Amino acid sequence: MSLQAAQNQSSPAGPPTDSSKALYGGKSTRRITVHDIAAATERGEKWPMLTAYDAMTASVFDEAGIPVMLVGDSMGNVHLGYETTVPVTMDEIAMLSAAVVRGTKRAMVVADLPFGSYQEGPVQALRNATRLVKESGVGAVKLEGGERSHEQIRLLVEAGIPVMGHIGLTPQSVNAMGYRVQGRGEEAAQQLLRDAKAVQDAGAFAVVLELVPAELAAEVTRTLHIPTVGIGAGAGTDAQVLVYTDMVGLTGGKVPRFTKQYADLRKVLGDAAKEFADEVVGGTFPAAEHTFH
Ligand code: KIV
């Protein structure tokens, strides 16, 4: 975030900002672009991002004004029944991304490049990212890795494909790194800063910081001019993202401590299913008003 943006955010006496342009709560109904995101960051605006994996849920979030939707490879764990994000394929991401694009009118849709779709090198990354832009209609792609993904990001950006980076905990590397807070200790913190700068220098328009100490995430945010999107990275980032099934209480079992549950849809759906089943068994559904003669 720039110094001017930081002043806009912290000083009530700073230059007036036009709230009709806000990413969340603004008046514009056209599809959001990376230029809108850069302008929001320059104004010092914080913005929300949610994952989505189907057209119907995406349309609900779009109507709620969520400006950026991520078709995350978290679909592996929370939507497709895999144990990790590692097995997710390009075909799965491409199909669900197209559904999310069809379900939205305003949100910018960002699709994850899944594990194995860009690690071979920039040309492989370009081939797969091109597919997501052409076939699924997404506005941007996201890929994991800082310095190690620099060349991939650069080629995609040169080809006109906006890229969101993702550093800190990178779940596609779970087999190597496990699920733990990243960037603890001086050496790891310096590496995270180098990764953040590599992502920005390669031309990414934003970067996700996952499971990083809050002070370090705030330092990265002050250092970069592109927006940082935090998940488990404290309140000092420009944007925040949550996996939607965690956020609405659909995810079964243990959810990460950094997530917040805003609804209990698991209970709502379970109760509705039981009520339906009870009425079928008891013969009270269908009733006269649901019946044709
Ligand atoms: O796949 C995903 O949902 C993500 C978010 C956790 C940032 O990468």
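Tutor: Ala189, Leu192, Leu193, Ala196 and Lys197 of α9 meet Leu216, Glu219, Val220 and Thr223 of α10. Contact here means heavy atoms within 4.5 Å. Helices are DSSP runs of H or I with at least four residues, strands are runs of E with at least two, and both are numbered from the N terminus. By class, this contact has six nonpolar, one polar and two charged residues. Ala, Val, Leu, Ile, Met, Phe, Trp, Tyr, Cys and Pro count as nonpolar; Asp, Glu, Lys and Arg count as charged; the others, Gly among them, count as polar.

This is a predicted model, where local features need pLDDT of at least 70, side-chain atom pairs count only at pLDDT 80 or more, and totals for chains, interfaces and linings use all residues. Residues are numbered from 1 along each chain as its sequence is written, and side-chain values use heavy atoms, with hydrogens and water left out.

Now the geometry. Two packed helices are described by the angle between their axes and the distance between the axes. Helix α9 covers residues 186–201, and it packs against α10 at about 35°, with the axes 10 Å apart. Axes are lines fitted to C-alpha atoms, for helices over the stretch in contact, and angles run from 0 to 180 degrees between N-to-C directions. The crossing of α9 and α10 is right-handed. That word applies if the near helix is turned clockwise from the far one by less than a right angle; anticlockwise is left-handed.

Leucine 211 sits in the loop between β6 (206–210) and α10 (214–223). Leucine 211 is not a glycine, yet its phi is positive, about 50°.

Helix α5 (residues 90–102) packs with helix α6 (residues 122–136) at an angle of about 35°, and their axes are 9 Å apart. α5 passes α6 in a right-handed crossing. From α5, the contact includes Met90, Ile93 and Val101; from α6, it includes Arg131 and Leu132. The residues of this contact divide into six nonpolar, three polar and three charged.

Move to the segment after α12 (265–282), where proline 286 is found. A cis peptide bond joins phenylalanine 285 to proline 286, with omega about 0°.

Last, the ligand. The shell around the ligand divides into five nonpolar, four polar and four charged residues. A polar side-chain atom of serine 74 is 2.5 Å from a ligand oxygen atom.

Terms used:
A polar contact is a pair of N or O atoms within 3.5 Å; within protein, one must be able to donate a hydrogen and the other to accept it, and residues adjacent in sequence count only if both atoms are side-chain atoms.
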